[in-house]
Amino acid sequence: MRHFTRLADLGPAGMQQVFDKALASKKQAPGAGLSGKLLGMVFFNPSLRTRASFEAAMLRSGGHAIVLEVGGGVWKLEDRKGAVMNSDRPEHIREAIPVLGRYVDALAVRTFAALADDDADAADPVINAFRELAGVPVISMESAREHPCQGLADLLTIRENFGTTRALPVTLVWAPHIKPLPKAVPHSFLLTAAAAGCELRIAHPPGFDLHPEVLAEARQYAAQSGGSVSVTHDPKAALASSRVVYAKSWGPASNSAPAGEAATRITAHSDWLVNGKTLAAAAQNAIFLHCLPVRRNVEVADEVLDGPHSRVIDEAENRLHVQRVLLHDLLNQKKEIRRVHIA
Ligand code: CP
């Protein structure tokens, strides 16, 4: 594994190894396995959990992290190929990425979807430019297509609660929001749950389809793992006997409505608020997950977040544990400095 920016970099077998190592390392004090290692963390977008958990993972294992907030004390970066750079972005990623790669042992990147075109977002141009140009391992802290560390933490939490993920009925249920959100988190939950052999049901309003390429990839994983993936517009049907209720909001499919309508459409489904009734439609001992941050009483009711089914804090903690494993694996590879020549 040279980079980790999508679940496919690990594959189902590598994913299970991360779970096994993370469960083992949770029982041990962190060693100094990252001593002398330097992680550059590049944020095009804000974060709480991702930033704190990556920094904590590095520092607790004896390493160090440099945080660079693009446009906040760091030059705004242009990423369009062939751009005439007469806007407010004075540096291009084609120089910035290889320069940063010369200073650190790995680069972690957060770059959200632009949300104008789902196909363009699924192509993941910015994180793929990092893979091409960094010359050091690249790890995703959420890109336009996937949030793979979140997906691993989600499935680790499910495995901890049920001992297994195989054939477990799990529902990803769409939730309302005040604005359209990216699809990276639901994509990663979909991919990781399918690779882990879950019986995954996805419920969302019409027009909020996840990307077909990601659905097809998830169905391939499900075929290998003995799991399944189904999609419905009926949340009650999806939730019946489900052991996991995973709530997440995401924006409409970009080809399903004019962009200007998106914000209006997202507020048209407030009845999808995840509340006590939603949980009552699932199995009695179901657990509740959400990647956070969550808008209380817009996406999810207080009674769910504060209730006995919620595992959202454990889920956020697990980000630290899976990332420690990934950082150890990526940063302790045989050193191969690859100089990138800019054409
Ligand atoms: N779940 C998650 O990625 O949280 P942050 O956006 O706070 O990093």
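**Pockets and domain contacts**

The largest pocket has a volume of about 560 Å³. The structure is a predicted model. Its domain assignment gives domain 1 (7-146 + 319-331) and domain 2 (149-316), and the lining of the largest pocket takes at least three residues from each of these domains.

**Largest pocket**
- A total of 26 residues line the largest pocket.
- Arg110, Phe112, Glu142, Leu181 and Pro293 are the lining residues that lie nearest the centre of the largest pocket.
- By residue class, the lining of the largest pocket consists of 13 nonpolar, 5 polar and 8 charged residues.

**Second largest pocket**
- The second largest pocket holds about 410 Å³ of space, and 19 residues line it.
- Nearest the centre of the second largest pocket lie Asp79, Arg89, Thr111, Phe112 and Val126.
- Two or more residues of this lining come from each of the elements α4 (118-123) and α5 (125-133).
- The lining of the second largest pocket comprises 10 nonpolar, 3 polar and 6 charged residues.

**Between the domains**
- The centres of domain 1 and domain 2, taken over C-alpha atoms, are 24 Å apart.
- Contacts between the domains involve 33 residues of domain 1 and 35 residues of domain 2.
- About 2800 Å² of area is buried between domain 1 and domain 2, with carbon and sulfur atoms giving 61% of that area.
- There are 5 salt bridges between domain 1 and domain 2.

**A salt bridge in detail**
- Lys26 and Glu160 form a salt bridge in which the closest N and O atoms are 2.6 Å apart.

Methods: Residues numbered from 1 in each chain as written. Predicted model: local features only at pLDDT ≥ 70, side-chain atom pairs only at ≥ 80, totals over all residues. Heavy atoms only, no water. 1 Å grid on protein atoms, 1.4 Å probe; cavity = no way out; pocket = protein on both sides within 12 Å on 5 of 7 lines; lining within 4 Å. Points joined across faces, edges and corners; volume = space filled by probe spheres on them. Nonpolar A, V, L, I, M, F, W, Y, C, P; charged D, E, K, R; others polar. Domains from an automatic or database assignment. Helix = DSSP H or I, 4+ residues; strand = E, 2+ residues; numbered from the N terminus. Contact = heavy atoms within 4.5 Å. Buried area = accessible area lost by both parts, 1.4 Å probe. Salt bridge = Lys/Arg side-chain N within 4 Å of Asp/Glu carboxyl O.
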